[in-house]
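Q: I'm new to this structure and would like a close look at just one part. Could you pick a helix and walk me through it?

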Amino acid sequence: MSFGRLSRLLIISIVTITLLGRSSLPPGDPIEQVRAFTRSIEFDYVSWTLDALWVKLNQVALGTSNYMTDDARSQLVLDYLDLVGSIQNDEARLNDIYADPNISDPKAASATLRQELDSLYNLRAYMQLLAESVLQTQVSTVIADLGLTLGGQPIPPILYHVTPPPYGLIISPRNIIRQDADISILPSLTVDQQAALEEKVDHALNVSSLVVGIGGVGLYPTMVMQTTDINWLTETIAHEWVHNFLTLRPLGISYLSGPELRTINETTASIAGKEIGRAVIERYYPEFLPPPPPPPAPPSESQNPPATPPAFDYQDEMHLTRITVDDLLAKSKIEDTESYMEARRRVFWEHGYHIRKINQAFFAFYGAYADQPGGAAGEDPVGAAVRTLRAKSASLADFLNRISWISSYDQLKREVQ
């Protein structure tokens with residue numbers, strides 16, 4: 001990359017960071033009450049962003065992938081994901097050695113494995129720089145093909161960095177599903193520490209809290225969790241870039257204005273992220289393109305019930321759960337609601353969905369991702385309106401250019417109509 005292009009990228013990045021900083025959480029008494037429990041374990045976004053920018057500059061200076069063919073670039077990314085998988089397998093083996101009661105000296109028993117891991121970590125650090133650079137270019141190319149650029153350049157430029165993302169501590173009132181706070185805490189928090197934090201906050205403030213894992217954060221550069229799944233990775237890179245795209249427009253600026261605006265933002269990013277991610281796979285990794293969903297089965301001519309009960313459907317069952325929860329809360333039956341949610345959690349667990357906790361904060365967080373009908377959003381009409389606008393738009397670019405200038409749910413309803 002030329003010095004001139006590097007300078008332009010740096011200038012655009014600095015301007016973008018300045019503008020994206022407007023999306024930071026405003027101070028408020030309820031949030032400060034929660035932060036009394038989290039200040040010592042909150043994630044440091046400033047330091048992370050500065051470190052990530054330094055990594056991005058090193059990527060540009062490295063520039064090795066610029067001299068590779070498209071096929072070689074894609075293979076490099078796949079080799080990197082295979083390497084990540086090998087590291088995860090070796091780390092699991094290392095944990096087993098230290099947990100095995102029959103091994104008296106786990107340090108000695110794991111010496112060779114630890115040396116192998118050190119070598120793999122060094123290789124990963126190098127390959128990650130190249131893989132991120134390749135994927136940034138591939139996603140940028142697809143976004144340009146979709147007509148989402150200004151002068152041939154996505155604004156902001158696509159920059160992401162793989163890292164363990166923070167957890168989010170979600171706070172909702174107990175008498176209604178509403179996200180009142182989302183505080184980022186350290187990714188090193190163990191599950192027992194998460195549960196203890198939730199218990200302290202719930203007891204002290206009479207709220208519903210939940211520590212949730214997240215796959216990415218729309219900083220700049222964006223933060224993306226490590227994975228071996230190329231489909232999930234491309235979708236998440238695109239999802240977080242869409243947040244950057246929206247934050248430079250009224251919809252993203254209004255993200256914190258209320259739960260409806262948050263749902264519009266997250267549903268938009270989910271819809272667009274899936275479409276862009278699938279287009280990247282189709283162009284550069286066609287062998288990993290998921291098959292289309294099967295067509296619906298024709299109606300049975302027989303009036304007799306099926307011989308076997310239908311399979312457990314997560315979306316449908318979670319949709320039913322959310323509707324019942326909303327109904328109980330509308331009748332001010334808070335304790336009954338919480339008992340019901342725990343009973344339903346056990347049903348999900350028995351069907352293979354190992355959810356640690358279902359509470360008001362669970363629905364306040366997951367209910368905002370309404371790119372598919374049903375699920376944790378229940379009967380919330382906001383996500384349905386976003387999906388309708390996408391269906392009525394001629395293209396993804398048309399959809400994003402229309403919805404990005406919306407700053408209220410009423411405005412979205414008028415646009416849909």
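Predicted model: local features only at pLDDT ≥ 70, side-chain atom pairs only at ≥ 80, totals over all residues.

A: Let's start with the buried residues of helix 12, which are I334, T337, Y340, M341, R344, R345 and F348; buried means under 20% relative accessible area, exposed over 50% and partly exposed in between, with a 1.4 Å probe and protein chains only. Looking down the axis of helix 12, you'd find these buried residues within an arc of 145°, so they line one face of the helix; the arc is that of the directions from the helix axis to the C-beta atoms.

Residues are numbered from 1 along each chain as its sequence is written, and side-chain values use heavy atoms, with hydrogens and water left out.

Back to the helix. The buried residues of helix 12 pack against helix 11 (314-330) and helix 13 (360-366), contact meaning heavy atoms within 4.5 Å. On the other side of helix 12, you'll see E335, S339, R346 and E350 exposed.

As for its extent, helix 12 covers residues 334-350, 17 residues in total, and its first and last C-alpha are 25 Å apart, close to the 24 Å expected at 1.5 Å a residue. That expected span is 1.5 Å times one less than the number of residues. Helices here are DSSP runs (H or I, at least four residues), numbered from the N terminus. After helix 12 comes G352, with a positive phi near 95°.

Note on methods
Helix = DSSP H or I, 4+ residues; strand = E, 2+ residues; numbered from the N terminus.
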